[in-house]
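Here's a quick briefing to read alongside the model. Have the coordinates open and follow along topic by topic.

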Amino acid sequence: MEIAAIRAGKIKQLSGASLDDEDLSGSQLEQVNLAGASLVGTNLVRANLNGARLDGAKLLCAQLMSADVRANCLGANLMQADLTGADLRGSNLRGANLMGANLTQVSFAGAFLSGANLMGVNLQGVDFRGADLRGANLNSANLKGADLSQADLQGASLCDANFEEADLRGANLGGANLTGANLLCAELDEANVNGATLERSCVVGTSLADRS
């Protein structure tokens, strides 16, 4: 594999390629087709993946710190990946697996995460403004202080999730399962909770307090 050429973005067709543990830090991978590629443990720190195709790619334990991942990651496996400070605004992460991923200071604003697996992930302070999280699995996730304003969480599984001090203004929680969720002091102005399950949830300090 011509790693130097890949790093320079000269090779655009890498679908199904095996790039496990390679050093691709700082690579220019704009519009590169990496669909189905294996990038397990690969160093992609500060890589430019804007517009790349990563659908079905294996990115387990990949290092994507400060990378531009505004890409198509449909069904990608990002378990245990380090995405600290990565830009995922508007990315397509439908059905992606992000369990165990480090998402500190990540922006998912406007991203498509329907059906994604974020179970138990630390999402404290993460930006989900206007994101599509329909049917996503956020059970036991830590969303303390996260910005979910205008996000679509319709039908999402949010059991035992921590939404303490989270911004859910204008969010769509219709039909979501919030059993055991912590909504202490969360902002829920104009949020849609029609059909949502709130059994055993903590709604102290919210506009839902009078419904408990």
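Let's start with a cysteine: C73 has 1% relative accessibility, so it counts as buried. Keep in mind that this is a predicted model.

**Cysteines**
- There are zero disulfides in the structure.
- C73 is in no disulfide, and the nearest cysteine sulfur, which belongs to C61, sits 16 Å away.
- C185 is another matter for solvent: its relative accessible area is 42%, so it counts as partly exposed.

**Overall build**
- The protein has one helix and zero strands.
- Its C-alpha trace spans about 65 × 25 × 25 Å along the principal axes.
- A compact globule of 212 residues would have a radius of gyration near 17 Å, and the 18 Å found for this protein agrees with that.
- Buried residues account for 52% of the 212 residues.
- Take the contacts between residues at least 6 apart in sequence: 0% of them join residues at least 24 apart.

**The nonpolar core**
- The largest nonpolar core holds 73 residues, and the members touching the most others are L83, L148 and F163.
- Leaving out residues up to four places away in sequence, L83 touches L64, V69, L78, L88, L98, A101, N102, L103, T104 and V106.

**The aromatic pair**
- The structure holds one aromatic pair.
- F108 and F128 make up that pair, and they are stacked, at 5.1 Å centre to centre with 5° between the planes.
- F108 and F128 both lie in the segment after α1 (3–7), so the pair ties together parts that are 20 residues apart in sequence.
- How accessible is F108? Its relative accessibility is 0%, so F108 counts as buried.
- F128 is buried too, with a relative accessible area of 0%.

**Around D127**
- D127 lies in the segment after α1.
- Buried or exposed? D127 comes out at 15% relative accessibility, so it counts as buried, the cut-off being under 20%.
- Its side chain makes a polar contact with the side chain of R129, at 2.7 Å.
- Setting aside residues up to four places away in sequence, D127 touches V106, S107, F108, A109 and D147.
- F108, one of those D127 contacts, is also a partner in the stacked pair with F128.

Notes: Residues numbered from 1 in each chain as written. Predicted model: local features only at pLDDT ≥ 70, side-chain atom pairs only at ≥ 80, totals over all residues. Heavy atoms only, no water. Phe/Tyr/Trp six-rings, centres within 6.5 Å; stacked < 30°, edge-to-face > 60°. Helix = DSSP H or I, 4+ residues; strand = E, 2+ residues; numbered from the N terminus. Buried < 20%, exposed > 50% of the residue type's maximum accessible area, 1.4 Å probe, protein only. Disulfide = S-S within 2.5 Å. Core = buried A, V, L, I, M, F, W, Y, C linked by side-chain atoms within 4.5 Å. Contact = heavy atoms within 4.5 Å. Polar contact = N/O pair within 3.5 Å; in protein donor to acceptor, adjacent residues only side chain to side chain. Rg over C-alpha atoms; globule rule 2.2 N^0.38 Å.
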